[in-house]
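I began with the terms and then went through the cavities in turn.

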Amino acid sequence: MYIIPKTLYDKVFDSHVVDRQEDGTCLLYIDRHLIHEVTSPQAFEGLRTAGRKARRPELALATVDHNIPTDSRKDLKDLESFIHQPDSRTQVLALEYNVKEFGLSYFGMTDKRQGIVHVIGPEQGFTLPATTLVCGDSHTSTHGAFGALAFGIGTSEVEHVLATQTILQRKSKNMRIHVSGKLPEGIASKDLMLHIIGVIGTAGGTGCVIEFCGEAIEALSMEARMSMCNMSIEAGARAGMIAPDETTYEYVKNRPLAPKGEDWEQAVAYWKTLGSDEGAKYDIEVEINAADILPTVTWGTSPQDVIPVNGLVPDPSKVNDTVRSTSIQRSLEYMGLEPNVPITSYPIDKIFIGSCTNSRIEDLRLAASIVKGRKIASNIKHAMIVPGSGLVKKMAEAEGLDQIFIEAGFDWREAGCSMCLGMNPDQLKPYERCASTSNRNFEGRQGAKGRTHLVSPAMAAAASVKGYLCNVREFFGDTNTGTPTVITNRNYDPSHDAGSVVTLAVDDATDAVTDSAGMTTSVADGPNSSTAGIPKFTVVSGIAAPLPVTNVDTDKIIPKQFLKTIKRTGLGKFAFYDIRFDAEGNELPEFVLNREPYRNASILVAQENFGCGSSREHAPWALNDFGIRVIIAPSFADIFFNNCFKNGMLPIPLPVEQVNELMAAAEKELEFTVDLPNQVIRYDGKEIKFEVESFRKHCLINGLDDIGLTLQKATKIDAFESAREKNFPWMNIRRSRARLSPSRPKQSTSGRSDW
Ligand SMILES: CC(C)[C@H](C(=O)O)[C@@H](O)C(=O)O
Ligand code: SF4
């Protein structure tokens, strides 16, 4: 019998399908769910309002990371006095309240296992090969480094997963990025990934799951693989994946939540079958030669704006494409750069080593190996090291890395997202230039008018010493300063840390099943399976606003400071805040939505890759609240596209020529009618047909809440779960009553951090 060869992605996806509809929409089982304070309050509120419970609370792990200050916690008494920003505090307290009410495991601020969601998942062995893992966060792609299918979701989907332990998904395309050869000395996986994004562009992976493979990938450590998969989202992909191998098993083994004993043997035997089959088909293939990679930096305001560190700032006058040339011009103005000047000529003000891309122990070791025995340059105003988790911090301190950094002049911080997105006090001031190991260099990302250059940890460390972006490889041959020794102390084993020991009590298995079965009965029988929910969408007529800009990211649609709400409403007045208002809050007359008749637009016509970047559902909430119900563009970022449907909004992808026609009509202030039942846009006596998936159309027209629809399939989910428990016992997480986490702040109300 001929068996169709499958890719790694096909295998993991197919093994999680609970139900497949005729139009290809699948109900996928979710094995792991990470939760943080920013994208979850509205999801818990939704459950509460509908009287729903969390179906498998033990499969979720929550922590606080985005909002929290990274100041020393030595004097932390309570969250009220520690988190000064009221909205940030509210989100953190809301999570503490919610994890208790819904019975989820939680690492709060006094727990040393707290950290950035994408650092703590792998660290705890919560992330495992062959599993499906989601989080209301775009960088969930990080976990694909283990051969998991891991992707970011919106808040409505967080609610869906909590209620049903499943998610609605369509199969993405398979993309393979093969990296041959060996990475040259001093070149990190961050350089490689920035180079790849420069090659394929921020929309290059749209609609795809990327599999990274080849000699250079196999040689990477798990930390380095995580940095690559983490930034797959910056390449527009739904997820990034790397087939598990001995490096993976070695990393996972003995982690607190990793399978043990016989389960471990069974798990590894299964993981070994996951690699893509010989002859498996990929929709897109990209070949990269590792030897071509130089230390890479970004010069602009999109992660695709990369050059090798020895390169010159690009010259927009040399670019024929006018849209591209204007966008380069705008980025250069924002970044305060002159064309044709070496990127190394600009002094750097701040250094940020941290974020879910580069805050793991290996990143810190590399940075320490560069700054050891040196001092930061006099023009550096502030250099921060922000470990990704309390355990990374502890490990680094055990190795003496903190002392190396402190002696060099760095500020040694507590774990959190920190200056990666500036939702907390760590921010750039206007016009400050930062060498940052984070993943996004969008305008205002690290602070209003702040200027971000994305680099590897070694490059950030080198910039801290020189005071400007420089080639880290100079440090390798620099006899005055000595060759950096890479610190490779691997003796510290987090699984031996008392704070992270997990005992699996046999009787807990019964608890989990009873919980689950009890809940399923209640959701299937009670009012909780009601399907009424979102506003109905049939025909929308109105003014269409032209926004002829590519790569409109969700940071631009709704900047970070407005993500601190615990509601879904009221964001319309903040939509496009930074390009709609000046620093004093006055409207900028040139912005389209500030002009008549576009202030009353219900339709937006935009360009490629609309809604890229962060998974924040606040972006469609803000547009919806402003009055926009339809967005027309040549392409959309996956998570944003999904999020629109969950809110009764219709994103319409059309070929670029048709979008341009509509753009011209919108500029003439013509009214459009978008008729969903007939799938047609009418304007100026003309018609343009559009496609929409039949299930999504059905839900929009009838205003159906897909949680209610999914709950009607509870019997199928039950059957899938039972088979899974039997065939893959190692995938379960069973709570132990054995241990409570140490010292919690008084108001820390969570009760289930007790695996
Ligand atoms: C807050 C969250 C929705 C967001 C994301 O999805 O990426 C954040 O982590 C970011 O990096 O912008
Ligand atoms: S990208 Fe930045 S803000 Fe987002 S999860 Fe990672 S560290 Fe946090």
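For the linings I sorted residues into classes: Ala, Val, Leu, Ile, Met, Phe, Trp, Tyr, Cys and Pro count as nonpolar, Asp, Glu, Lys and Arg as charged, and the others, Gly among them, as polar. I note that the model is predicted.

Entry 1, overall build. I found 26 helices and 26 strands in the protein. I looked up burial next, and 64% of the 755 residues count as buried. For contacts with a separation of 6 or more, I recorded that 76% join residues 24 or more positions apart. The accessible surface is about 26700 Å², and carbon and sulfur atoms hold 52% of that surface.

I counted four cavities of 30 Å³ or more.

I noted a volume of about 230 Å³ for the largest cavity. Its lining has 22 residues, and H66, D137, L421, R440 and R445 lie nearest the centre. By class I listed 11 polar, seven nonpolar and four charged residues in this lining.

Which residues line the second largest cavity? I listed Y29, D31, R32, R56, L59, E721, R724, E725, M731 and N732. Helix α26, residues 714–727, gives the most to this lining, with three residues.

Note on methods. Residues are numbered from 1 along each chain as its sequence is written. Chains are lettered from A and ligands numbered from 1 in the order in which they are written. This is a predicted model: local features need pLDDT of at least 70, side-chain atom pairs count only at pLDDT 80 or more; totals for chains, interfaces and linings use all residues. Side-chain values use heavy atoms; hydrogens and water are left out. On a 1 Å grid over the protein atoms alone, a cavity is a set of points where a 1.4 Å probe fits but cannot get out, and a pocket is an open set with protein on both sides within 12 Å along at least five of seven lines; lining residues have an atom within 4 Å of a point. Grid points are joined across faces, edges and corners, and a volume is the space filled by probe spheres set on the points. Helices (H or I, at least four residues) and strands (E, at least two) are DSSP runs, numbered from the N terminus. Buried means under 20% relative accessible area, exposed over 50%, partly exposed in between (1.4 Å probe, protein chains only). Contact means heavy atoms within 4.5 Å. Accessible areas come from the Shrake-Rupley method with a 1.4 Å probe; for residues, only the protein chains shown count as cover.
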